[in-house]
Protein chains: 4
Amino acid sequence: MDRIKLGMVGGGNDAFIGAVHRIASRLDDRYELVAGALSSTPEKSRESGEALGLARIYDDFKQMAIREARLKDGIEVVSIVTPNHMHYTTAREFLKRGIHVICDKPLTSTLADAKKLMKAAEGSDALFILTHNYTGYPMVRQAREMVAKGEIGKIRVVQVEYPQDWLTIHQDFKQAEWRTDPARSGAGGSTGDIGTHAHNLACFITGLEVEALAADLDAFVPGRQVDDNGHVLLRFKGGAKGMLWCSQVAPGNENALRIRIYGETGGLEWAQEDPNYLWHTPFGEPKRLITRNGAGAGEAAAQVSRVPPGHPEGYLEGFANIYSEAADMIKAHREGQEVKTLLPTVKDGLRGVQFVDACVRSSARNAAWVTIPN
Amino acid sequence: MDRIKLGMVGGGNDAFIGAVHRIASRLDDRYELVAGALSSTPEKSRESGEALGLARIYDDFKQMAIREARLKDGIEVVSIVTPNHMHYTTAREFLKRGIHVICDKPLTSTLADAKKLMKAAEGSDALFILTHNYTGYPMVRQAREMVAKGEIGKIRVVQVEYPQDWLTIHQDFKQAEWRTDPARSGAGGSTGDIGTHAHNLACFITGLEVEALAADLDAFVPGRQVDDNGHVLLRFKGGAKGMLWCSQVAPGNENALRIRIYGETGGLEWAQEDPNYLWHTPFGEPKRLITRNGAGAGEAAAQVSRVPPGHPEGYLEGFANIYSEAADMIKAHREGQEVKTLLPTVKDGLRGVQFVDACVRSSARNAAWVTIPN
Amino acid sequence: MDRIKLGMVGGGNDAFIGAVHRIASRLDDRYELVAGALSSTPEKSRESGEALGLARIYDDFKQMAIREARLKDGIEVVSIVTPNHMHYTTAREFLKRGIHVICDKPLTSTLADAKKLMKAAEGSDALFILTHNYTGYPMVRQAREMVAKGEIGKIRVVQVEYPQDWLTIHQDFKQAEWRTDPARSGAGGSTGDIGTHAHNLACFITGLEVEALAADLDAFVPGRQVDDNGHVLLRFKGGAKGMLWCSQVAPGNENALRIRIYGETGGLEWAQEDPNYLWHTPFGEPKRLITRNGAGAGEAAAQVSRVPPGHPEGYLEGFANIYSEAADMIKAHREGQEVKTLLPTVKDGLRGVQFVDACVRSSARNAAWVTIPN
Amino acid sequence: MDRIKLGMVGGGNDAFIGAVHRIASRLDDRYELVAGALSSTPEKSRESGEALGLARIYDDFKQMAIREARLKDGIEVVSIVTPNHMHYTTAREFLKRGIHVICDKPLTSTLADAKKLMKAAEGSDALFILTHNYTGYPMVRQAREMVAKGEIGKIRVVQVEYPQDWLTIHQDFKQAEWRTDPARSGAGGSTGDIGTHAHNLACFITGLEVEALAADLDAFVPGRQVDDNGHVLLRFKGGAKGMLWCSQVAPGNENALRIRIYGETGGLEWAQEDPNYLWHTPFGEPKRLITRNGAGAGEAAAQVSRVPPGHPEGYLEGFANIYSEAADMIKAHREGQEVKTLLPTVKDGLRGVQFVDACVRSSARNAAWVTIPN
């Protein structure tokens with residue numbers, strides 16, 4: 001029952017995702033948050049750190065990495081929840097000192113950074129986990145297991161989408177500001193912020209990789225510097241085809257991530273806003289609604305589910321599954337055991353940034369096909 | 001109360017769509033079916049015609065056109081419900097003799113035929129109506145009216161799809177056979193059979209026209225000669241963007257035509273399988289579910305609705321609206337009045353065939369953009 | 001193809017249900033409406049009859065019964081679509097002259113009339129059919145067939161409800177006026193108008209009969225003379241239990257008739273507003289959504305369905321099934337064949353009126369149990 | 001940031017609800033679980049306590065109450081998560097020593113115990129909180145706020161139900177065993193275990209109290225000693241009427257708690273399995289779907305919600321709201337401030353047990369009306 005010592009970079013008072021990471025780390029009681037550099041200025045960092053009762057508060061992440069690495073009971077893992085452009089430089093400092101990293105997505109704001117971060121992670125003994133949190137939902141695991149078992153046959157078509165509506169108009173609060181600033185968010189707007197989730201989810205469930213894509217991106221809101229709507233044709237290795245839609249200007253959609261997968265013998269459908277359900281549609285039979293922990297749900301889902309069927313689990317539970325599996329990995333690593341995991345890796349992160357990069361390049365060339373390197 | 005004399009070409013015993021047209025013509029008691037050349041052989045025509053109790057049964061459509069045109073109380077309008085490749089030659093014979101035509105979609109199996117049919121229709125005093133029947137649904141009319149009134153603002157994004165699953169495997173019954181035979185169906189498979197419906201619906205509701213498209217078509221089922229799955233990027237005149245998906249290999253989808261439209265101030269969503277509902281999602285307000293004839297539904301929907309809210313209307317009622325509005329047109333034409341209508345015209349039919357043609361050409365060129373002429 | 005000659009009593013210009021009966025009779029082309037006494041005054045009758053192009057228009061139903069019975073090609077069947085209090089006297093005149101009767105529900109406005117009408121029907125060679133139209137929906141037939149085949153085991157619990165909202169406030173248009181007037185509607189308000197539908201549906205699908213009930217009825221709207229909300233506990237013969245709720249004051253409910261049936265091994269759920277779906281919930285297995293004409297739907301549903309799965313059928317199609325099966329019965333009767341049917345009979349009508357009577361009596365005695373005689 | 005010291009009685013290794021309480025207490029980082037008597041035998045208590053890393057493990061709850069009360073930094077609050085029959089004796093020991101109690105529902109297994117526990121709570125300075133956890137859902141709070149603000153007018157009708165299916169057959173695992181044993185569960189089976197939740201929810205949202213009820217209870221599974229299905233008519237003070245259905249034998253229902261409330265000007269509908277949505281149906285306007293933290297959601301919901309709209313919260317978050325508000329109460333109590341709360345009190349608990357008692361007595365008298373004392 002000794003909890004893993006956790007640090008955090010970013011996630012100060014007015015950040016959304018930092019609080020989510022903290023709850024997620026706490027849900028299964030596997031972590032203790034003890035240190036942080038929570039904001040971009042020392043004052044704000046201190047203020048936020050004190051509000052959380054952190055044992056050790058740092059002015060900046062580099063100082064934090066150096067000192068924690070030297071402490072006898074320093075942090076074993078750090079959560080990086082800054083804006084995207086800070087991921088690489090931050091992660092590097094911890095990785096090179098052997099501190100595991102749990103990093104928010106997308107991996108980085110540029111492809112160059114992503115490649116460097118991949119190199120840094122590969123060159124470190126420390127673990128690197130990317131919080132494509134939707135992979136933590138039980139019914140996403142269920143879908144992945146069913147595909148792997150061949151329950152829908154060879155996959156032909158993937159329809160994935162992640163529409164939102166919060167940027168339908170110009171917004172200038174902090175979240176909106178950095179997420180629409182290419183310097184901090186990266187060249188992709190909706191593609192980077194949510195398109196990467198959709199891309200990752202499609203690959204996670206199907207086990208397929210995108211080979212090439214053609215993207216038609218728009219910035220519909222006047223003055224917006226990054227895309228707020230993206231239409232993407234996908235070609236997967238092995239012949240499956242897909243469509244991906246991401247949007248921040250689709251009124252009535254909150255976080256309507258949704259995926260539909262069709263194989264030679266059946267289909268699957270899952271929606272993030274109603275995550276406890278999975279439709280399975282075997283060809284020639286009635287549609288079946290599989291529920292979390294209910295009849296028809298298998299082992300993969302049960303392992304990441306906490307309460308009985310009919311008692312809904314949500315976003316935080318899915319996010320917490322990432323943290324709890326990361327804890328398993330950290331423990332295995334600590335004990336020199338093989339570290340097996342389904343969690344998104346730095347490689348998945350690189351593929352996400354490649355996806356964004358390919359979307360932006362394709363769109364700049366009138367939606368020409370762009371190949372994604374292996 | 002004198003009913004309009006109606007004839008039918010095609011729609012013999014084992015056809016699906018002929019029976020639908022007959023019910024649709026009967027629902028509001030505006031037509032009387034009196035003549036027909038219901039099948040491709042005289043024997044079958046006779047057999048089918050007798051089963052329906054037709055007053056005049058013909059061996060073939062040409063004979064029928066000639067004789068009916070001469071009769072004092074011959075048919076005033078003919079329904080053409082043959083396979084696609086017969087539409088042009090059939091329609092031509094009636095149009096040139098001043099007999100109105102109600103023709104099943106798509107307009108023709110080839111672009112060349114479509115242009116000739118357009119010319120034939122324009123050169124005739126007779127009316128030509130294309131049964132893109134989904135435009136007859138009350139809540140489709142409601143959506144169209146709301147867009148026209150600016151209730152969702154200038155349109156940015158259109159997501160439209162028409163997945164089915166009946167051709168997930170090779171099928172060889174009659175319906176499947178001709179619809180997958182390019183000689184009878186046309187070069188487009190799913191694009192022609194259902195993609196045209198999706199295309200038409202998007203244009204009907206939004207009032208926009210597709211300017212260019214990029215299509216990635218597949219024939220997933222081995223041996224299939226026409227596409228059974230199509231992924232299409234759309235660019236509308238005026239700057240709106242769209243995605244169109246049509247598929248006949250998506251298990252769990254029966255006739256899942258669905259459209260979502262997003263404008264600067266709100267969104268609309270409608271699904272053919274649950275046609276009595278229309279979601280309206282004004283930005284910054286709770287989602288609203290408008291029901292057929294219910295609170296919030298307007299004049300356009302009420303005009304084509306027969307029963308109170310909560311008593312569902314379906315496919316046949318929507319189809320019957322096409323026939324009943326065609327009856328209004330025929331009556332207005334007869335009386336020399338101006339013929340106003342929302343019904344799909346030969347021009348809409350041409351645009352549908354252009355859509356299929358563009359899809360096929362784009363896909364052949366690796367999903368390059370293809371412009372659709374005006 | 002010779003159509004059955006049909007007459008109509010009631011259903012003049014401003015009536016809702018008369019138009020429904022006419023469309024229903026026409027849908028499958030089995031009837032020809034030739035005669036009518038459509039309104040309570042000769043003037044209105046004439047006006048309405050002419051608008052419909054009736055061959056023979058009568059001043060009143062008695063005159064009509066007498067004359068039609070004498071005509072060589074007089075009507076073979078009459079539809080009675082008057083307010084409830086007129087059903088008995090009207091039906092009697094036709095039954096005693098051997099003219100079949102298709103009568104709107106509830107059977108009568110009083111129990112005394114119901115018994116007399118039952119006697120009249122039993123004493124006549126003519127057929128009597130009651131339009132509990134919801135029994136005509138394909139998925140209701142599907143549910144009935146599944147119960148009969150034991151697919152959910154012995155039934156334990158039935159939850160049935162029919163909420164509406166149109167009488168949430170005082171309304172004084174014609175439909176509201178007579179339906180809230182005990183002299184015309186009967187002692188039951190919501191219980192008579194829609195509770196009888198719920199009661200009938202429960203019995204139709206389960207094959208069970210209500211043995212006793214306890215009812216708590218209210219007239220919530222000030223000045224209303226009949227119940228507008230009813231809460232009813234049901235005990236079925238054989239031990240199943242049920243709850244029935246009918247309401248006309250439940251905002252947001254249009255015609256939300258819905259039934260859920262639970263047996264020892266599974267459940268079924270159907271909702272009138274989405275009638276093309278039937279949930280089947282076998283215990284210990286994922287829920288299954290059976291669709292009209294789709295995979296998993298059986299023979300009973302297919303026989304009363306006209307279009308492929310995914311093309312919704314609605315209220316009028318269900319209603320038309322009553323008429324078309326009545327046509328089968330009339331033809332069989334004409335030819336001296338055995339008349340087999342699932343259609344609601346005069347006995348079912350009597351049981352409906354007994355249900356209303358029992359509700360009213362129970363409620364008057366503080367929701368004491370009232371036994372329903374066999 | 002000093003966390004409240006928490007103890008737990010019950011909730012050993014194989015219990016479901018204990019783990020839920022622990023997660024709920026942890027989610028917002030307001031508690032530290034330090035002591036426990038987690039099982040009915042000292043050995044199991046020790047084993048479970050060690051697995052959780054508890055600082056102080058006790059053989060039994062009495063010993064725990066005595067010692068913790070004497071410790072300088074002993075627990076400030078205890079969670080009681082034993083079977084129902086142990087609630088009273090356990091709570092008493094802590095209450096009389098000034099230790100706050102968070103107690104699972106129903107309050108007790110007998111009415112006599114409930115009254116004694118109420119007296120004990122009233123006689124203590126310590127706080128008593130009952131975990132009718134569904135009151136913690138944001139959209140339940142939203143509904144309550146809307147009713148209080150008069151947004152649906154004076155309430156007329158309440159439909160509430162809580163069907164499950166897990167006891168459709170005889171089950172003999174531990175959870176099933178004690179919950180169907182009247183000695184441990186109380187005289188009510190489904191009425192006590194889930195009917196109380198439904199009853200509480202109805203009262204919580206509407207602000208109304210049940211004045212009288214008539215119940216028809218059944219034990220459908222052979223050999224079952226307590227009801228597994230209950231049909232209850234409700235009369236609320238002030239004239240509203242209701243129906244309550246609870247069942248553990250309704251295949252296809254997991255935890256399908258659902259409430260519908262109709263007032264003079266509108267309705268509300270909420271379902272526990274999809275808790276992030278609330279339907280609002282103002283009479284004469286389109287239905288509105290209010291989402292958690294979305295447009296149209298108010299202050300009451302926002303206060304108990306953690307993540308943005310479209311990211312679902314579930315059962316654990318709702319449960320955690322109970323704990324976090326209890327923490328607020330404890331803190332206010334500690335500082336001598338007024339303790340304001342919406343949380344279920346011992347009085348609510350008593351009313352719940354009165355509800356069960358009334359159901360059982362009513363059913364024994366053939367569903368006669370039983371008045372619930374104030």
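**View 1. Helix α4 of chain A and its neighbours.** The buried residues of α4(A) pack against β1 (4-9), α3 (61-70), β4 (77-80), β5 (100-103), α5 (111-122) and β6 (128-130) of chain A. Two residues are taken to be in contact if their C-beta atoms, placed from the backbone, lie within 7 Å. The helix, residues 87-95, is mostly covered, with 8 of its 9 residues buried. Those buried residues are A:His87, A:Tyr88, A:Thr90, A:Ala91, A:Arg92, A:Glu93, A:Phe94 and A:Leu95. Here, buried stands for 20 or more other C-beta atoms within 10 Å of a residue's own, exposed for 12 or fewer, and partly exposed for anything in between, again with C-beta atoms placed from the backbone. Helices (H or I, at least four residues) and strands (E, at least two) are DSSP runs, numbered from the N terminus.

A word on the model before moving on: this is a predicted model, in which local features need pLDDT of at least 70 and side-chain atom pairs count only at pLDDT 80 or more, while totals for chains, interfaces and linings use all residues. Residues are numbered from 1 along each chain as its sequence is written, and chains are lettered from A and ligands numbered from 1 in the order in which they are written.

**View 2. The two domains of chain A.** Chain A is divided into domain 1 (4-126) and domain 2 (136-307 + 352-370), with bounds that come from an automatic or database domain assignment. Taken over C-alpha atoms, the centres of the two domains of chain A are separated by 27 Å. Where they touch, 13 residues of domain 1 of chain A are in contact with 14 residues of domain 2 of chain A. The domain 1 side of this contact holds 6 nonpolar, 5 polar and 2 charged residues. In these classes, Ala, Val, Leu, Ile, Met, Phe, Trp, Tyr, Cys and Pro count as nonpolar, Asp, Glu, Lys and Arg as charged, and the others, Gly among them, as polar.

**View 3. The parallel sheet of chain D.** Follow the order β3-β2-β1-β4-β5-β6 (chain D) through this open sheet of 6 strands, which has parallel pairing; two strands pair if DSSP finds at least two bridges between them. β3 (56-57) and β6 (128-130) of chain D stand at the edges with a single partner strand each, so one side of each is left without a neighbour in the sheet. Helix α1 (residues 17-27) of chain D packs on the sheet, where it touches β1 (4-9), β2 (31-37) and β4 of chain D, and its direction makes about 155 degrees with that of β2(D). Helix α4 (residues 87-95) of chain D also packs on the sheet, touching β1, β4, β5 and β6 of chain D, with its direction at about 160 degrees to that of β5(D). Axes are lines fitted to C-alpha atoms, for helices over the stretch in contact, and angles run from 0 to 180 degrees between N-to-C directions.

**View 4. Strand β4 of chain D, between β1 and β5.** Strand β4 (residues 77-80) of chain D pairs with strand β5 (residues 100-103) of chain D in the parallel sense over 4 bridges, and β1(D) and β4(D) also pair in the parallel sense over 4 bridges. Look for D:Ser79: D:Ile102 is its bridge partner in β5(D), and D:Met8 stands opposite D:Ser79. The bridge partner of D:Val78 in β5(D) is D:Val101. From β4(D) the chain crosses through α4(D) to β5(D), a right-handed β-α-β crossover. In general, side chains in a regular strand alternate between the two faces of the sheet. In β4(D), D:Val77 and D:Ser79 point one way and D:Val78 and D:Ile80 the other way, and all are buried.

**View 5. Two hairpins in chain D.** β12(D) and β13(D) run antiparallel, joined by 4 bridges, and form a hairpin with 5 residues between them. Another 4 bridges join β13(D) to strand β14 (residues 287-291) of chain D, which run antiparallel. D:His280 in β13(D) stands opposite D:Leu268, and its bridge partner in β14(D) is D:Arg288. The hairpin of β13(D) and β14(D) has 4 residues between its strands, and D:Gly284 in the turn has a positive phi of about 85 degrees.

**View 6. Chain C and its contact with chain D.** This contact takes 31 residues from chain D and 31 residues from chain C. On the chain D side, β7 (155-163), β8 (210-218), β9 (229-236), β10 (241-247), β12 (266-271) and β13 (277-282) each supply at least two residues. β10(D) gives the largest share, 4 residues.

Terms used
A crossover is right-handed if, with the strands pointing away from the viewer, the path from the first strand over the helix to the second runs clockwise.
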